[in-house]
Amino acid sequence: MNPAGESESRGEAVTLYDAVGGEPTFRKLVDEFYAGIATDPLLRPMYPEDLGPAADRMRLFLMQYWGGPNTYSAQRGHPRLRMRHAPFRIGGAERDAWLRHMRRAVDSLDLPAATATELWNYLERAAYFMVNAMEDPAVSG
Ligand code: HEM
(Lines give C-alpha, C1' and ligand atoms only; values in the text may rest on other atoms or scores of the structure.)
Protein backbone atom coordinates (compact mmCIF):
# COMPACT_ATOMS: atom_id res chain seq x y z
CA MET A 1 0.00 0.00 0.00
CA ASN A 2 1.19 3.54 -0.68
CA PRO A 3 0.26 6.40 1.70
CA ALA A 4 -3.03 6.91 -0.12
CA GLY A 5 -3.94 3.35 0.69
CA GLU A 6 -3.86 2.27 -2.94
CA SER A 7 -2.23 -0.87 -4.19
CA GLU A 8 1.08 -0.18 -5.86
CA SER A 9 0.78 -3.13 -8.16
CA ARG A 10 -0.17 -0.75 -11.01
CA GLY A 11 -2.96 -2.65 -12.62
CA GLU A 12 -1.76 -6.15 -11.85
CA ALA A 13 -4.76 -8.25 -10.95
CA VAL A 14 -5.02 -9.29 -7.32
CA THR A 15 -5.59 -13.03 -7.23
CA LEU A 16 -8.59 -14.46 -5.44
CA TYR A 17 -6.04 -16.30 -3.29
CA ASP A 18 -4.72 -12.97 -1.98
CA ALA A 19 -8.13 -11.28 -1.89
CA VAL A 20 -9.57 -13.85 0.52
CA GLY A 21 -6.55 -13.80 2.84
CA GLY A 22 -4.31 -16.54 1.47
CA GLU A 23 -3.55 -19.89 3.06
CA PRO A 24 -5.39 -19.47 6.41
CA THR A 25 -8.67 -18.92 4.56
CA PHE A 26 -8.19 -22.01 2.39
CA ARG A 27 -7.27 -23.98 5.48
CA LYS A 28 -10.54 -22.96 7.12
CA LEU A 29 -12.51 -23.75 3.97
CA VAL A 30 -11.07 -27.23 3.67
CA ASP A 31 -11.26 -27.95 7.42
CA GLU A 32 -14.96 -27.07 7.42
CA PHE A 33 -15.52 -29.15 4.31
CA TYR A 34 -13.77 -32.23 5.73
CA ALA A 35 -15.65 -31.87 9.04
CA GLY A 36 -18.75 -32.48 6.93
CA ILE A 37 -17.18 -35.36 5.00
CA ALA A 38 -16.16 -37.00 8.28
CA THR A 39 -19.80 -37.60 9.24
CA ASP A 40 -21.32 -38.18 5.78
CA PRO A 41 -22.69 -41.72 5.42
CA LEU A 42 -22.48 -41.68 1.61
CA LEU A 43 -19.11 -39.98 1.12
CA ARG A 44 -17.07 -40.96 4.20
CA PRO A 45 -16.45 -44.54 3.00
CA MET A 46 -14.90 -43.27 -0.26
CA TYR A 47 -12.13 -41.41 1.59
CA PRO A 48 -9.03 -42.85 3.29
CA GLU A 49 -9.22 -43.58 7.00
CA ASP A 50 -6.91 -40.66 7.78
CA LEU A 51 -8.56 -37.56 6.32
CA GLY A 52 -5.58 -35.31 7.14
CA PRO A 53 -3.50 -35.99 4.02
CA ALA A 54 -6.62 -35.80 1.83
CA ALA A 55 -7.42 -32.39 3.32
CA ASP A 56 -3.83 -31.26 2.58
CA ARG A 57 -4.19 -32.30 -1.09
CA MET A 58 -7.48 -30.46 -1.44
CA ARG A 59 -6.19 -27.30 0.26
CA LEU A 60 -3.01 -27.20 -1.82
CA PHE A 61 -4.97 -27.78 -5.03
CA LEU A 62 -7.44 -24.97 -4.33
CA MET A 63 -4.67 -22.58 -3.27
CA GLN A 64 -2.84 -23.25 -6.52
CA TYR A 65 -5.98 -22.96 -8.65
CA TRP A 66 -6.77 -19.52 -7.22
CA GLY A 67 -3.32 -18.06 -7.73
CA GLY A 68 -1.39 -19.16 -4.64
CA PRO A 69 1.82 -21.20 -4.55
CA ASN A 70 2.18 -24.19 -6.91
CA THR A 71 2.94 -26.62 -4.10
CA TYR A 72 0.16 -28.96 -5.22
CA SER A 73 1.74 -29.62 -8.62
CA ALA A 74 5.24 -29.76 -7.14
CA GLN A 75 4.04 -32.65 -4.95
CA ARG A 76 1.37 -34.29 -7.11
CA GLY A 77 2.08 -33.30 -10.73
CA HIS A 78 -0.64 -32.18 -13.14
CA PRO A 79 -4.00 -32.16 -11.31
CA ARG A 80 -5.91 -34.32 -13.88
CA LEU A 81 -8.82 -34.25 -11.49
CA ARG A 82 -11.30 -36.26 -13.54
CA MET A 83 -8.74 -39.03 -13.92
CA ARG A 84 -7.93 -38.96 -10.20
CA HIS A 85 -11.65 -39.35 -9.42
CA ALA A 86 -12.15 -42.27 -11.79
CA PRO A 87 -11.71 -44.87 -8.98
CA PHE A 88 -14.74 -43.42 -7.18
CA ARG A 89 -18.35 -43.79 -8.24
CA ILE A 90 -19.63 -40.23 -8.43
CA GLY A 91 -23.29 -39.88 -9.38
CA GLY A 92 -25.77 -37.09 -8.72
CA ALA A 93 -26.20 -38.04 -5.05
CA GLU A 94 -22.45 -38.00 -4.36
CA ARG A 95 -22.07 -34.70 -6.21
CA ASP A 96 -24.91 -33.08 -4.29
CA ALA A 97 -23.59 -34.32 -0.93
CA TRP A 98 -20.12 -33.00 -1.79
CA LEU A 99 -21.60 -29.64 -2.78
CA ARG A 100 -23.68 -29.44 0.41
CA HIS A 101 -20.54 -29.71 2.56
CA MET A 102 -18.70 -27.26 0.35
CA ARG A 103 -21.57 -24.76 0.46
CA ARG A 104 -21.49 -24.80 4.25
CA ALA A 105 -17.71 -24.40 4.19
CA VAL A 106 -17.84 -21.43 1.78
CA ASP A 107 -20.55 -19.78 3.88
CA SER A 108 -18.40 -20.17 7.01
CA LEU A 109 -15.78 -17.84 5.49
CA ASP A 110 -18.07 -14.77 5.44
CA LEU A 111 -16.51 -13.50 2.22
CA PRO A 112 -17.79 -10.49 0.28
CA ALA A 113 -20.72 -11.68 -1.85
CA ALA A 114 -19.00 -11.30 -5.23
CA THR A 115 -15.97 -13.28 -4.08
CA ALA A 116 -18.09 -16.00 -2.52
CA THR A 117 -20.05 -16.28 -5.76
CA GLU A 118 -16.89 -16.55 -7.86
CA LEU A 119 -15.54 -19.29 -5.62
CA TRP A 120 -18.87 -21.11 -5.49
CA ASN A 121 -19.52 -20.99 -9.24
CA TYR A 122 -16.19 -22.70 -9.85
CA LEU A 123 -16.77 -25.37 -7.20
CA GLU A 124 -20.26 -26.13 -8.50
CA ARG A 125 -19.07 -26.39 -12.10
CA ALA A 126 -16.14 -28.58 -11.09
CA ALA A 127 -18.42 -30.89 -9.08
CA TYR A 128 -20.75 -31.39 -12.06
CA PHE A 129 -17.69 -32.09 -14.21
CA MET A 130 -16.49 -34.78 -11.78
CA VAL A 131 -19.63 -36.93 -12.17
CA ASN A 132 -18.63 -40.21 -13.78
CA ALA A 133 -21.60 -42.51 -13.14
CA MET A 134 -24.76 -42.36 -15.21
CA GLU A 135 -28.03 -42.78 -13.39
CA ASP A 136 -30.47 -42.47 -16.29
CA PRO A 137 -30.67 -45.87 -18.02
CA ALA A 138 -31.92 -44.15 -21.18
CA VAL A 139 -28.50 -42.58 -21.61
CA SER A 140 -26.47 -45.76 -21.38
CA GLY A 141 -25.73 -48.26 -24.10
C1 HEM B 1 -18.37 -34.31 -7.02
C2 HEM B 1 -18.09 -35.00 -5.91
C3 HEM B 1 -16.71 -35.39 -5.45
C4 HEM B 1 -16.41 -36.51 -4.75
C5 HEM B 1 -17.40 -37.56 -4.28
C6 HEM B 1 -14.97 -36.51 -4.53
C7 HEM B 1 -14.28 -37.49 -3.85
C8 HEM B 1 -12.92 -37.56 -3.71
C9 HEM B 1 -12.19 -38.62 -3.07
C10 HEM B 1 -12.84 -39.86 -2.45
C11 HEM B 1 -10.88 -38.33 -3.13
C12 HEM B 1 -9.69 -39.15 -2.57
C13 HEM B 1 -9.24 -38.50 -1.29
C14 HEM B 1 -7.73 -38.41 -1.21
O15 HEM B 1 -7.13 -39.38 -0.72
O16 HEM B 1 -7.16 -37.40 -1.63
C17 HEM B 1 -10.76 -37.06 -3.81
C18 HEM B 1 -9.57 -36.41 -4.06
C19 HEM B 1 -9.47 -35.14 -4.54
N20 HEM B 1 -10.51 -34.33 -4.94
FE21 HEM B 1 -12.45 -34.87 -5.02
N22 HEM B 1 -14.42 -35.38 -5.09
C23 HEM B 1 -15.44 -34.66 -5.67
C24 HEM B 1 -15.30 -33.46 -6.31
C25 HEM B 1 -14.15 -32.71 -6.36
C26 HEM B 1 -14.04 -31.39 -6.91
C27 HEM B 1 -15.20 -30.60 -7.52
C28 HEM B 1 -12.75 -30.99 -6.77
C29 HEM B 1 -12.07 -29.71 -7.17
C30 HEM B 1 -12.68 -28.56 -7.23
C31 HEM B 1 -12.05 -32.06 -6.12
C32 HEM B 1 -10.71 -32.05 -5.78
C33 HEM B 1 -10.00 -33.13 -5.31
C34 HEM B 1 -8.56 -33.14 -5.15
C35 HEM B 1 -7.60 -31.99 -5.43
C36 HEM B 1 -8.22 -34.41 -4.68
C37 HEM B 1 -6.80 -34.94 -4.40
C38 HEM B 1 -6.23 -35.41 -5.74
C39 HEM B 1 -4.83 -36.00 -5.60
O40 HEM B 1 -3.85 -35.24 -5.66
O41 HEM B 1 -4.73 -37.21 -5.43
N42 HEM B 1 -12.92 -33.09 -5.88
N43 HEM B 1 -12.01 -36.62 -4.15
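The side chains of Arg 95 and Asp 96 make a polar contact at 3.0 Å (N or O atoms within 3.5 Å, one able to donate a hydrogen and the other to accept it; residues adjacent in sequence count only through side-chain atoms on both sides). This is a predicted model, in which local features need pLDDT of at least 70 and side-chain atom pairs pLDDT 80 or more, while totals for chains, interfaces and linings use all residues. Residues are numbered from 1 along each chain, and side-chain values use heavy atoms, without hydrogens and water.

Arg 95 sits in helix α6 (helices are DSSP runs of H or I, at least four residues, numbered from the N terminus). With 16% relative accessibility, Arg 95 counts as buried (under 20%; exposed is over 50%, partly exposed in between, with a 1.4 Å probe and protein chains only). Beyond neighbours within four places in sequence, Arg 95 is in contact with Ile 90, Ala 127, Tyr 128 and Val 131 (heavy atoms within 4.5 Å). The buried residues of α6 pack against α2, α3 and α7.

Now to the salt bridges: the whole structure holds nine (a Lys or Arg side-chain nitrogen within 4 Å of an Asp or Glu carboxyl oxygen). Here are some of them.

| Pair | N to O distance |
|---|---|
| Arg 59 and Glu 23 | 2.6 Å |
| Asp 56 and Arg 59 | 2.9 Å |
| Asp 96 and Arg 95 | 3.0 Å |

Arg 59 lies in α3 and Glu 23 in α2, so their bridge ties together parts 36 residues apart in sequence. Arg 59 is buried, at 7% relative accessibility, whereas Asp 56 is partly exposed at 36%. Glu 23, Arg 27, Asp 56 and Arg 59 are linked in a salt-bridge network.

Note on methods:
Helix = DSSP H or I, 4+ residues; strand = E, 2+ residues; numbered from the N terminus.
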